[in-house]
Amino acid sequence: MFCEVKVDKLRFCINRIKLHELFPLFDISCIERNLEHYYGKIAGRKFTKSGNLIIDITPTRQLREGKYVKNNLQMPSERVFNQGLSGIIPDVAVQGIVSITKLHLTIDLRLSVPTCACIEMLSCLKYRRLIALQLSSSKHNASLCLTHSKHDIRERDSTGALVFKFYAKEQEYKDKHNCDTLVNLNERLSAQTAKTLGASYDRINNTFDIEGQNLLRVEIQLEDASQLKKVNKFLTDNDGRLLLSTLTDKASNNVLYSKLDEIFKWYLKEYVFYRKPVAANEKYTDDELVAELLEKSGRLDVYNARFKDLGEVKKFKKLSSKIANVAPTNPLYSELYHLLFDEPNPNISTKNEHAQKDTTSTALMVVFSGIHSIGKVYRASMRNVDARVSALKRYTLPIGYPVPYSVPYWDDS
């Protein structure tokens, strides 16, 4: 259930003209009956103006033994999923002309800290090719949307060529179920997962109490033809359209889930987690240290204006361009990276740092003076401060540079 990639939304399109030309005897009405059998009333279907049939399904809510599923926390087994997917259109040849036009992949991570803290941390990072937008899906639940282009932040379901979403799954569940926190699970949990959940999991009734859990849902929305072709490239090693027959073929060979896991993690590493986390005391170059301080200050707009006033726009651009590539030292980032990619956490030995502010954000007060030098530097004796102070001393900054941090200090000049 946790750290397992799920298919949360799947849409496919049937060209009725092409279907009639190639398979004149195919009874399209059977699709309606099959949808009802495997997905009940929750499946969506509609005809476009051009007469194409659009079908939307939620694989995490596929009927289990004819019973409705009220949550999307678990995928059915790959065998059961394939029975439902191929059962909608049993004719394999017809599956070969059905295009996949929407694919939403998700994963749920169980964190050691409140989910909102993790979302806030991700929203403060700079990304090379994505814009970060914070959206509100309810009074209590904020989500982070990373996308190629800007969207109206009032829109709950922003879509684009490529969208990453992060939100608190436990809060979303309570919002949808009128604060009911008891989840009826559809699949039995593994012994290891059950042990991890402890008293919140009832083995006898197969229920999970979501209250007090820190569940971060990570979602990738693929709805653009170019992105879906990338998925097809992963699955078939060719650049064509992603077809229903491709999914059913991989699922019948029991390799679809593992392939989707690879695709999901590739997208995250390529666009969001392309920077490997480093230990908080690992050394940076001078430029990286200064860029990190600029990012953590949360005052880039102020610095930008000041550099512009002083005619140092190029210098600021040089610094700000490095921000998106600085390896994060935040323990929350390290925890996420470890959960997603199962790689060693460089901050795993640090105790209680999740509940504290990053030491660099409270460790420095720098007073700048002189167009080519930094004047007095006050420092606190906290970890990794010396390296940052040394970098700042060697770095050329303009006169009147705003003070980024305010902490207790003493003059050691």
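I checked the length of helix H10, residues 256-272. Its 17 residues should span 24 Å at 1.5 Å a residue, and the end C-alpha atoms are 24 Å apart, so the two agree. The expected span is 1.5 Å times one less than the number of residues. Helices (H or I, at least four residues) and strands (E, at least two) are DSSP runs numbered from the N terminus.

The model is predicted: local features need pLDDT of at least 70, side-chain atom pairs need 80 or more, and totals for chains, interfaces and linings use all residues. Residues count from 1 along each chain as its sequence is written, and side-chain values use heavy atoms, without hydrogens and water.

Which residues of H10 are buried? I found Leu256, Leu260, Ile263, Phe264, Tyr267, Leu268, Tyr271 and Val272 (buried: under 20% relative accessible area, 1.4 Å probe, protein chains only). They cover an arc of only 130° around the axis, which puts them on the same side of H10. The arc is taken from the directions from the helix axis to the C-beta atoms.

Next I looked up the second largest cavity. A cavity is a set of points on a 1 Å grid over the protein atoms alone where a 1.4 Å probe fits but cannot get out; lining residues have an atom within 4 Å of a point. Its lining includes Leu256 and Leu260, along with Val7, Leu10, Phe81, Leu103 and Leu247. H10 and strand E1 (6-14) each supply at least two lining residues.

Last, the whole chain: I noted 16 helices and 13 strands. Of its 413 residues, 50% count as buried.

Technical notes
1 Å grid on protein atoms, 1.4 Å probe; cavity = no way out; pocket = protein on both sides within 12 Å on 5 of 7 lines; lining within 4 Å.
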